[in-house]
Amino acid sequence: MFCCLKGCLNGFNLTPTVPIRIKENPVQLDTLHMGHEVVVVKGGQRVCGSGCTLGNAPLVQNKAYFEVKLQQSGVWAVGLATRDTDLNKVHGGVDKESWCLNSDGTVRHGNEELYHLSPAPRDSPTAELLVATDVPPPAPAPEPRDDANPFAVMPVEGDTIGLAYDHVELNFFVNGKNMEIPVRNIRGTIYPALYVDDGAILDIILDNFLYPPPTGYEKIMVEQSLL
């Protein structure tokens, strides 16, 4: 845990010498909804430790977009979840309250694999296309799988994962490129969900994106009633 915290706090000064400015964007990671061994720093923008943390604002607008920077590899997952998900889990999509892309190459919901991507070789750049293999589920899949991209880039350390949600489907992007592994049938009031373990460090990017959002998508907006 100490090694994780050292990396997590890298560049973070506990005694800043300049005045702290109030952030214009009130959306951040929610320290009231995170696992017991999760650490959130950098003004609610970075997560490390072990477990899951949610965003503090639900995705209620028609088209919402955010990014996650994979600062340090390890066990991780990114996606969406309701507040009923188990925040002490280190893998996403293992319950019916979360829909996530995992570092092992699986996209999961309800502990079922919706897609399974070939893991990125350690010595391969992410620009290389990796073949995605469909894993037949033990029961009929909850959504169509024939539209899966036969070539997909699995994120590795240093990559930026984009997530775009329009209340019909959730799409994942790697460095601005659509992975074309849509997740549908998402229900409930959902929030950004970031999972970490084994030294992984994730930064959530909620504005000033590194890559342009898809057409019509915007940063997560906070309902006036929540302000």
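Biologist: Which side chain does Asp203 meet in a salt bridge?

Modeller: In this predicted model, Asp203 lies in strand E16 (residues 201-205), and the pair links distant parts of the chain, 157 residues apart, with the other end in strand E3. The N to O distance is 2.7 Å, and the side chain that meets Asp203 is that of Arg46.

Biologist: Is Arg46 buried or exposed?

Modeller: Buried means under 20% relative accessible area. Because Arg46 has a relative accessible area of 8%, this residue is buried.

Biologist: Which residue is linked with Arg46 and Asp203 in a network of salt bridges?

Modeller: Side chains of opposite charge can pair when their charged atoms come close. By the rule used here, the count comes to five salt bridges. The network that holds Arg46 and Asp203 also includes Lys42.

Biologist: How many residues apart in sequence are the parts that Arg83 and Asp30 tie together?

Modeller: The side chains of Arg83 and Asp30 meet in a salt bridge, at 3.7 Å from N to O. Arg83 lies in the loop between strand E5 (75-81) and strand E6 (98-102), whereas Asp30 belongs to strand E1 (residues 29-34), so the parts tied together are apart in sequence by 53 residues.

Biologist: Which side chain is joined to that of Ser50 by a polar contact?

Modeller: Ser50 has its place in strand E3 (residues 46-55), and it counts as buried because its relative accessibility is 17%. Leaving aside residues up to four places away in sequence, Ser50 touches several residues, including Glu37, Val38 and Val90. The polar contact, at 3.0 Å, joins the side chain of Ser50 to that of Asp197.

Conventions: Residues are numbered from 1 along each chain as its sequence is written. This is a predicted model: local features need pLDDT of at least 70, side-chain atom pairs count only at pLDDT 80 or more; totals for chains, interfaces and linings use all residues. Side-chain values use heavy atoms; hydrogens and water are left out. Helices (H or I, at least four residues) and strands (E, at least two) are DSSP runs, numbered from the N terminus. Buried means under 20% relative accessible area, exposed over 50%, partly exposed in between (1.4 Å probe, protein chains only). A polar contact is a pair of N or O atoms within 3.5 Å; within protein, one must be able to donate a hydrogen and the other to accept it, and residues adjacent in sequence count only if both atoms are side-chain atoms. Contact means heavy atoms within 4.5 Å. A salt bridge is a side-chain nitrogen of Lys or Arg within 4 Å of a carboxyl oxygen of Asp or Glu.
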